[in-house]
Amino acid sequence: MEHPAVFNTVHEMKKQGFLVHVLSVDNAGIINLHDLKSLVSCKTALVCIMGVNNETGIIQPINAAFKCIKDIDHGIVTMCDTVQYLTKVNTKLDLDNIDCFFASGHKIGATKGIGLLYLNEMVMVDPLFFGGGQESGLRPGTENLYGIESLSRAIKEHAQKCIIYQDHVQILKKNLLNGLEEAGISYQVNTLNAPTSDYILSLAFPGQDASQLANYLANKGICISRGSACSSTSAKPSRVLSAMKLDRKTINSTIRLSFSPNNTLDEVKTFCTHMIEYHVATNAQI
């Protein structure tokens, strides 16, 4: 379920001789803590669990998971991808049990190309390249002051307005689903009854082709994706949805919607209007 930035890195580590275990998930995409415990031992070097899945919005029980790990062996390094978690989920990170986390600035309105990496005193990382002593020698090179300042301001704003923003995107999400229901458009929420971030919505439309739907909406000026933004151009079935054991038809009919505090109810209405048009057009063809 991890982002390719983590998933592909770990598989490269596997090629280099590391023993890698991949946790299975349930039909909603949530890890099982019992399975996690069964895989972890004093020989485990690192456990990585993302906070919020970038494709489905599912929220993992990271605090409980990392506490289980530290109870087994406090020396195991715990790492969390918080790119979709930071300021978007009310549960705070338990830094007593999380050694490392990272986030990306553009997800909360900072300029592209800036992010953050938190390491506590347990984590020692060798630099990938060498030069000046910037950033404690971990990443040499002239610092991106413009990006750093934009990230600082974005974090402050979203920290202060996190509840307001969360309520806003929740309203957008509810209105979108209500609009589809009122129009009689059949859909399936792939994470139904599971804890999710309201910023991301994974929807399947039975009998529809997600690629055709995405192209149709793009021509109407509406940007959605079949999966995560970083893999939306791939022709392969979604690795994330496959891990949730969804069937091929459901995967092929699934789109990913993401909301921003800058989105409006009018935009949601426009989306529903075009969905009705598409529904009518495709049914007429059938």
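Reader: Where do the cut-offs for buried and exposed lie?

Author: Buried means under 20% relative accessible area, exposed means over 50%, and partly exposed is in between. The model here is predicted. In it, Tyr118 has a relative accessible area of 25%, so Tyr118 is partly exposed. Phe101, at 11%, counts as buried.

Reader: Where is Phe101 placed, and which residues is Phe101 in contact with, leaving aside its neighbours within four places in sequence?

Author: Phe101 belongs to strand E3, residues 100-104. With those neighbours left aside, its contacts are Cys80, Thr82, Leu93, Leu95, Leu116, Leu117 and Tyr118.

Reader: How many aromatic pairs does a search of the whole structure find?

Author: Two. One of them joins Phe101 and Tyr118: the ring centres are 4.9 Å apart and the planes stand at 20°, so this pair is stacked. The two residues are 17 apart, with Phe101 in strand E3 and Tyr118 in strand E4 (residues 115-119), and the pair links distant parts of the chain.

Reader: Why is the pair of Tyr216 and Tyr278 classed as tilted?

Author: Planes under 30 degrees apart count as stacked, over 60 as edge-to-face, and the rest as tilted. The planes of Tyr216 and Tyr278 are at 55°, with ring centres 5.0 Å apart, so the pair is tilted. Tyr216 sits in helix H6 (residues 210-219) and Tyr278 in helix H9 (residues 265-285), so parts 62 residues apart in sequence are tied together. Tyr278 has a relative accessible area of 7% and is buried.

Reader: Which residues lie over the faces of Tyr199 and Phe7?

Author: Lys88 lies over the face of Tyr199, 4.7 Å from the ring centre. Over the face of Phe7 lies Arg239, at 3.8 Å from the ring centre.

Methods. Residues numbered from 1 in each chain as written. Predicted model: local features only at pLDDT ≥ 70, side-chain atom pairs only at ≥ 80, totals over all residues. Heavy atoms only, no water. Buried < 20%, exposed > 50% of the residue type's maximum accessible area, 1.4 Å probe, protein only. Contact = heavy atoms within 4.5 Å. Phe/Tyr/Trp six-rings, centres within 6.5 Å; stacked < 30°, edge-to-face > 60°. Lys NZ or Arg CZ within 6 Å of the ring centre and 35° of its normal.
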